[in-house]
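Please consider the sequence and the structure shown below. The paragraphs that follow lead through several parts of it in turn.

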Amino acid sequence: MTPATITVEAVAAKRGPLSVSVDAQGRTRAKLRYTVGAPISGRLMRTTLREGDRIEQGDVLARIAPPPTDARTVATVRAELAAAQARQRQAVAAQAEAASNLKLANSELARRTDLYTQGFIGTEAHETYAQAAQAATSRRDLAQAMLAAAVAADAPSSGPAAAIGPGGFSVGRPSDGRLVNGVQIPASADYDRRYPGSAWGTSFAVRHLVDILHRWREESDYDGLLRLGAMSRQRGRRITGHRSHQSGRDLDIRLPLRAGLPDKTTPTPRRVDWAAVHALVQAFAASGAVTQIFLDYQLQKRLYKVAREAGADRRTLRRLIQFPRGSAATRGLVRHSPGHDIHLHVRFACADYESECAGR
Ligand SMILES: [Zn+2]
């Protein structure tokens, strides 16, 4: 008797994925907790972030709306404003007096120097006048610093620029001048400082710069590196390789590279993100804090082209860029200057209270 035949299924052995799952209950707990605080009080607005979103240094996590101001707070702020305005008027008067004393001391010194070289007065007498002129210079600098500190007009009350100190001002011209109480461009995620030792400027210039670049970053879709070159040394005066940059009002900014290029690449015209340059120039122009932006005439054509493509009308183009009127034309915020072919050179204005700041 033979057993009945059984039909079986047969397949060849092969490799394949195997998944094993465990079904059990569990609890999760954050291993590291971060408490986020704010230095001001107010109401937390809705955040646009969701759990698990990737964030980077400098990103906005949430916005806080200030609480409504009551009548008493308004009265206090008004009183503070009136006091600040009185201090400012005092400082203006003190600065004017110190400046006229200095002028007097300098002309006295000049006269005595003539007498001294002609042999009419001795070294000691001459030295006395030289010291008086020196002392008058120090007193004028102090008065000017107090004036700059008393002026709140250009001090933004929010954003990264609010942290920049007052009191830094410029004396003389960018090509023959100095910086007094210079403030340093702070480190930031918005830009990179190539030469922190030569990143000093006037309070007016640095505040505007930090504010402009921060807003440019928030509004622009450019996320490459923005590299800042030299501004001025802490006390200004000459920097090797530059004719100007002496009074804390000039800053070189390397032309921003197109996406995907290594940071060390030289920004030749084809490698530059001209739309980003245009956005930068617009931001500087809109601030009203800049008198001139230098860029080689050969490159201005590219800037002109993207500006036109971005919809700038004729009037705006004329106001913004010297091109196509020739490299000697004296119109347009962006002007030709030889040697400015891989960077923009931005010149900030003198603030109203910088009475000895000179040169456009
Ligand atoms: Zn320069």
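Helix 4 (residues 274–287) packs against helix 5 (residues 297–309) at an angle of about 80°, and their axes lie 9 Å apart. Because angles of 65 to 115 degrees count as roughly perpendicular, under 35 as roughly parallel, over 145 as roughly antiparallel and the rest as oblique, helix 4 is roughly perpendicular to helix 5. The contact is formed by W274, A275, V277, H278 and V281 of helix 4 together with R302, L303, V306 and A307 of helix 5. These residues divide into seven nonpolar, one polar and one charged. Here Ala, Val, Leu, Ile, Met, Phe, Trp, Tyr, Cys and Pro count as nonpolar, Asp, Glu, Lys and Arg as charged, and the others, Gly among them, as polar.

Some conventions are needed before continuing. This is a predicted model: local features need pLDDT of at least 70, side-chain atom pairs count only at pLDDT 80 or more, and totals for chains, interfaces and linings use all residues. Residues are numbered from 1 along each chain as its sequence is written. Helices (H or I, at least four residues) and strands (E, at least two) are DSSP runs, numbered from the N terminus. Axes are lines fitted to C-alpha atoms, for helices over the stretch in contact, and angles run from 0 to 180 degrees between N-to-C directions. Two residues are in contact if their C-beta atoms, placed from the backbone, lie within 7 Å.

Helix 4 has 14 residues and reaches 20 Å from its first C-alpha to its last, close to the 20 Å expected at 1.5 Å a residue; the expected span is 1.5 Å times one less than the number of residues. Its buried residues are W274, A276, V277, H278, A279, L280, V281 and F284. A residue is buried if 20 or more other C-beta atoms, placed from the backbone, lie within 10 Å of its own, exposed if 12 or fewer, and partly exposed in between. The elements covering the buried residues of helix 4 include helix 3 (203–219), strand 10 (290–294), helix 5, helix 6, strand 11 and strand 12 (343–348). After helix 4 comes G288, with a positive phi near 70°.

Helix 1 (residues 71–117) has 47 residues and reaches 68 Å from its first C-alpha to its last, close to the 69 Å expected. In helix 1, the buried residues are A91, Q95, A98, L102, A105, L109 and R112, and they pack against helix 2 (123–150). Just after helix 1, G119 has a positive phi of about 85°.

Attention now turns to a loop. S232 lies between strand 8 (227–228) and strand 9 (250–254), and it counts as buried because it has 30 C-beta neighbours inside 10 Å. Leaving aside neighbours within four places in sequence, the contacts of S232 include G182, W200, H245 and D250. S232 and G182 are 50 residues apart in sequence, yet 8.7 Å apart in space, C-alpha to C-alpha.

Most residues other than glycine have a negative phi, and most peptide bonds are trans. In the loop between strand 8 and strand 9, R237 and H245 are found. R237 has a positive phi of about 70° although it is not a glycine, and H245 likewise has a positive phi, of about 60°. R237 counts as partly exposed because it has 15 C-beta neighbours inside 10 Å, whereas H245, with 28, counts as buried. Elsewhere, a cis peptide bond with omega of about 5° joins F323 and P324; P324 is in the loop between helix 6 (314–320) and strand 11 (334–335).
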